[in-house]
Amino acid sequence: MFFTEDFIHYVWKFRLFDRDNLRTTTGENIEVFSAGLPNSDSGPDFHNARLRIGDTTWAGNVEIHINSSDWHKHKHTNDNAYKNVILHVVYRDDDPTILPDGRRLPTLELKERISPELYNRYHHLVYGEQQFIPCEGSIHAVDDMTLRNWLTRVLVERLEKRSAAVMAALDKNRGDWEETFYQFLAAQFGFKTNALPFELLAKSLPQLTLAKHKDNPLQIEALIFGQAGMLDEDFKDEYPEKLKEEYRFLRKKYSLNPIEKHLWKFMRMRPQNFPTIRLAQFAALIVKSNHLFSKVLDIKDVTQLKKLFTGLDINPYWENHYRFDAESKPSSKSLGESSINILLLNTFVLFLFSYGKHNQQEYYINRSLKLLEQLPAENNHIVTNFGALGIKVGTAFDSQALLELKNSYCGHKKCLQCGVGNKILRMT
Ligand code: SF4
């Protein structure tokens with residue numbers, strides 16, 4: 001038999017062993033009132049268990065091992081953190097656990113009490129052959145409600161993890177949600193390739209400075225392209241020369257330092273996604289929408305949210321340019337539907353959730369989840385593979401939850417901590 005301590009942990013937690021005539025290895029009766037609360041920190045595996053051993057009722061900790069001899073190997077004997085252990089639960093009692101005062105620690109051996117079916121299901125699940133995820137042969141048999149409840153839980157875990165970065169930035173921005181939102185949104189405008197320079201740009205150019213020039217689109221564009229380090233050369237075209245001139249004045253006025261131009265990546269990108277085009281779109285968004293985060297909090301309808309990104313007044317220069325001084329065939333430079341969906345997914349959803357968490361307002365948390373339900377699912381190999389296993393992937397709610405499930409659970413074989421795994425192991 002091959003298993004890890006986690007399996008014994010799991011068996012104890014859910015009391016999945018034969019509980020008839022339960023006795024310690026010295027023959028005393030055991031009655032389990034509560035298995036205790038799993039402890040993920042150092043110290044005993046379960047806290048606050050309640051048991052009766054013989055005629056005495058105990059409240060204390062439970063320690064789990066595969067072999068009882070692990071108690072000494074792990075040096076628990078003289079460790080004060082283990083002083084309140086009331087029961088040692090082991091798969092095999094290979095060595096009596098004697099405490100420093102000479103007492104024998106009450107021990108429950110599970111070797112003959114775990115059913116072969118449970119063991120086989122566990123083994124098949126965690127160690128069986130797999131192409132994609134460990135439970136690929138059984139997940140189809142899990143009922144919809146179990147699956148949906150679990151996906152909701154992992155989705156919330158994903159948002160909680162990601163909102164930690166929002167909280168850290170909010171802290172740096174002294175609680176200014178608008179500025180923090182502006183910085184995150186800017187990073188998203190860089191999509192994957194240019195996220196860093198976009199973020200640095202936003203941090204070097206406070207939103208309040210931009211707001212002062214809201215009525216002058218050319219100055220907004222000059223500030224953005226100038227701070228991006230893209231105006232530090234001589235141009236043939238009139239438009240970038242004008243930007244340069246405006247920027248020279250504004251840079252001095254606000255004592256600005258541009259970021260390094262070389263940070264921007266153009267290689268292997270479709271011209272439509274060139275950072276110059278993204279910067280022009282970002283400038284147009286700033287001109288169009290003031291106090292964007294307040295709007296995000298107010299607007300409930302996804303169509304209205306999307307309208308924040310549509311009809312942006314991008315400078316006509318970009319109609320037939322992808323870079324300065326390089327004329328190209330005319331084409332629309334509006335943000336496409338899929339880019340808008342990514343911005344909503346990665347920024348708006350995250351901020352609604354983070355704001356709700358921070359202010360303990362369930363309303364915004366629910367709105368962030370609702371927004372996910374209104375956005376289309378992403379298309380990637382993880383989503384496709386889950387789809388091939390019969391999992392319904394209708395919206396971004398599903399795809400985001402499945403990404404988290406795969407990356408944080410399946411990929412680490414955390415099936416014993418997974419709601420789906422729990423169901424599979426206990427199927428009759
Ligand atoms: S973690 Fe859950 S969903 Fe993933 S393979 Fe294991 S049981 Fe299946």
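**Briefing: backbone, packing and ligand shell**

The model is predicted: local features need pLDDT of at least 70, side-chain atom pairs count only at pLDDT 80 or more, and totals for chains, interfaces and linings use all residues. Residues are numbered from 1 along each chain as its sequence is written. Helices (H or I, at least four residues) and strands (E, at least two) are DSSP runs, numbered from the N terminus.

**Helix H1**

- H1 covers residues 5–13, and its buried residues are Phe7, Ile8, Tyr10, Val11 and Trp12. Buried means that 20 or more other C-beta atoms lie within 10 Å of the residue's own; exposed means 12 or fewer, partly exposed is in between, and C-beta atoms are placed from the backbone.
- These buried residues pack against strand S4 (56–67), strand S5 (85–92) and helix H3 (116–127). Contact requires C-beta atoms, placed from the backbone, within 7 Å.

**Positive phi in loops**

- Most residues other than glycine have a negative phi.
- Lys75 is not a glycine, yet has a positive phi of about 60°. Lys75 lies in the loop between helix H2 (70–73) and S5. Lys75 counts as exposed because it has 9 C-beta neighbours inside 10 Å.
- Gln360, also not a glycine, has a positive phi of about 50°. The loop holding Gln360 runs between helix H13 (337–358) and helix H14 (362–374). Gln360 has 8 C-beta neighbours inside 10 Å, so it counts as exposed.

**H13 against H14**

- The two helices pack at an angle of about 160°, with axes 6 Å apart. Axes are lines fitted to C-alpha atoms, for helices over the stretch in contact; angles run from 0 to 180 degrees between N-to-C directions.
- H13 and H14 are therefore roughly antiparallel. Angles over 145 degrees get that label, under 35 roughly parallel, 65 to 115 roughly perpendicular, and the rest oblique.
- On H13, the contact residues include Leu344, Phe348 and Leu352; on H14, they include Tyr364, Arg367 and Leu371.
- The contact divides into 11 nonpolar, two polar and three charged residues. Nonpolar covers Ala, Val, Leu, Ile, Met, Phe, Trp, Tyr, Cys and Pro; charged covers Asp, Glu, Lys and Arg; the others, Gly among them, are polar.

**Ligand shell**

- Of the 13 residues around the ligand, Cys135, Cys410, Cys415, Cys418 and Gly421 come nearest. A residue is near if its C-beta atom, placed from the backbone, lies within 6 Å.
- Helix H16 (396–409) and helix H17 (419–425) each give two or more residues to the shell. The largest share, three residues, comes from H17.
- By class, the shell has 11 nonpolar, one polar and one charged residues.

Definitions and conventions. Contact = placed C-beta atoms within 7 Å.
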